[in-house]
Amino acid sequence: MKLRLFVIAFFTLFIMNAQEINAPKFGKGIFNLVGQDSTWTMKIAARMQFLAVSTWPEGQSNESEFLVRRARLKFDGYAFSPKLEYKLELGLSNNDISGASEFTSNAPRYILDAVIKWHFAPNFELWFGQTKLPGNRERVISSGNMQMVDRSLLNSRFNIDRDMGIQLRHKFNLSEKFVVKEIFAISQGEGRNITTGNLGGHQYTSRLEILPFGEFASDGDYSGSDLKREKTPKLAIGATYDFNNNAVKNRSNQGSYMANDVGFYETNISTVFVDAMFKYDGFSLMAEYSNRDAKDPYAKNSDGTLTGDEVQVGSGLNLQAGYLFKSNWEVSGRYTNIALDKTITGKDTENQYTLGVSKYIVGHKLKVQTDISHLEVANGTNELMYRLQFDIHF
């Protein structure tokens with residue numbers, strides 16, 4: 001309730017003073033503030049996604065829904081010195097804040113990102129707070145910068161999302177163009193907005209990236225589509241190893257808690273991601289592979305009996321490509337394969353094929369996207385899905 005009152009008051013104040021504020025151009029934030037002594041800055045932005053979905057499960061009647069998929073406020077800038085940056089992102093839609101439980105003090109999960117970034121030495125950054133872990137590329141790409149309506153099944157099954165912790169980031173050049181980036185993170189290991197303290201052990205994430213042909217324009221290696229129409233081929237290859245020590249959730253720091261008769265079942269969970277992004281003259285290609293394994297995937301009680309929970313071990317593959325025409329219409333396609341270990345999880349292989357069309361009116365800041373997907377489940381029910389989404393970012 002307090003957050004909602006704050007949001008109402010904020011926009012009321014903004015509207016009352018709208019004629020007096022020198023606002024930036026569309027897509028560059030609602031307005032940008034600079035302290036009188038230039039010791040701090042703040043860019044305030046908002047974005048919304050409106051989604052319509054219609055599905056046709058095989059042998060069943062059609063189902064459809066309309067929803068506000070995302071509605072968010074973003075604040076970022078620097079404090080005291082440009083070397084100390086910060087970011088705060090709040091979610092307002094029901095999808096953004098869902099997941100309340102005893103582990104989040106039964107409160108809505110408003111906070112997505114709350115992180116400070118200290119540039120303490122050339123090419124070094126130290127991050128502290130809650131933000132995305134350096135996992136699969138598709139997850140780190142903002143939901144507002146996606147090539148298709150939403151992320152793939154690989155991301156929904158294997159991503160390690162956000163967590164509270166520390167990240168050390170560094171980059172250097174092997175040659176004039178060849179860039180190497182390294183990230184190491186230590187986090188709590190149970191996802192975002194946890195208030196009950198750490199259960200089990202901690203999570204350790206390492207990522208290495210190489211960009212042999214130089215940096216992408218406007219950080220395009222973490223943005224869908226080649227909106228900058230790279231004049232020369234650009235390639236980024238990344239690999240992540242994530243180790244969650246004594247994890248208590250069935251998808252590393254995601255999924256559901258594995259409760260047992262003495263509290264929680266704990267086991268070591270390892271996740272590997274290998275991905276690549278290529279862009280050139282309107283063409284883009286993204287590829288990802290993921291694999292999750294566990295020391296003992298079967299959750300047990302203290303006497304060794306099974307609880308019925310198990311770690312979602314297995315692998316996933318996602319291939320995605322698109323071409324952006326000069327009219328800013330784009331055609332894209334995606335193939336995703338999910339192969340969880342059926343012996344352990346009881347789940348069959350899934351294959352999904354997606355064809356998408358997007359119209360970028362003001363880049364990712366104002367766009368309309370639509371796609372159609374066919375999901376094939378081995379020994380299960382196939383499904384056809386159509387989606388239409390409108391994005392607007394101030």
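Biologist: What volume does the second largest cavity have, and what makes a space a cavity?

Modeller: The second largest cavity holds about 50 Å³, a volume being the space filled by probe spheres set on grid points joined across faces, edges and corners. A cavity is a set of points, on a 1 Å grid over the protein atoms alone, where a 1.4 Å probe fits but cannot get out. This is a predicted model, in which local features need pLDDT of at least 70 and side-chain atom pairs 80 or more, while totals for chains, interfaces and linings use all residues. Residues are numbered from 1 along each chain, and side-chain values use heavy atoms, without hydrogens and water.

Biologist: Which residues that line the second largest cavity are closest to its centre?

Modeller: Its lining (residues with an atom within 4 Å of a point) has 13 residues, and G129, T131, G165, I166 and Q167 are the closest to the centre.

Biologist: Why is T55 called buried?

Modeller: T55, found in strand β2 (residues 41–57), has 11% relative accessibility and therefore counts as buried, the term for values under 20% with a 1.4 Å probe and protein chains only. Strands are DSSP runs of E with at least two residues, numbered from the N terminus.

Biologist: How do you know that β9 and β10 pair?

Modeller: Pairing requires at least two bridges found by DSSP, and strand β9 (residues 203–211) and strand β10 (residues 234–247) have eight, in the antiparallel sense; L208, for example, has A239 as its bridge partner in β10. Strand β10 also pairs with strand β15 (residues 267–280), antiparallel over twelve bridges, and A247 stands opposite T267 in β15.

Key
Helices (H or I, at least four residues) and strands (E, at least two) are DSSP runs, numbered from the N terminus. Buried means under 20% relative accessible area, exposed over 50%, partly exposed in between (1.4 Å probe, protein chains only). On a 1 Å grid over the protein atoms alone, a cavity is a set of points where a 1.4 Å probe fits but cannot get out, and a pocket is an open set with protein on both sides within 12 Å along at least five of seven lines; lining residues have an atom within 4 Å of a point.
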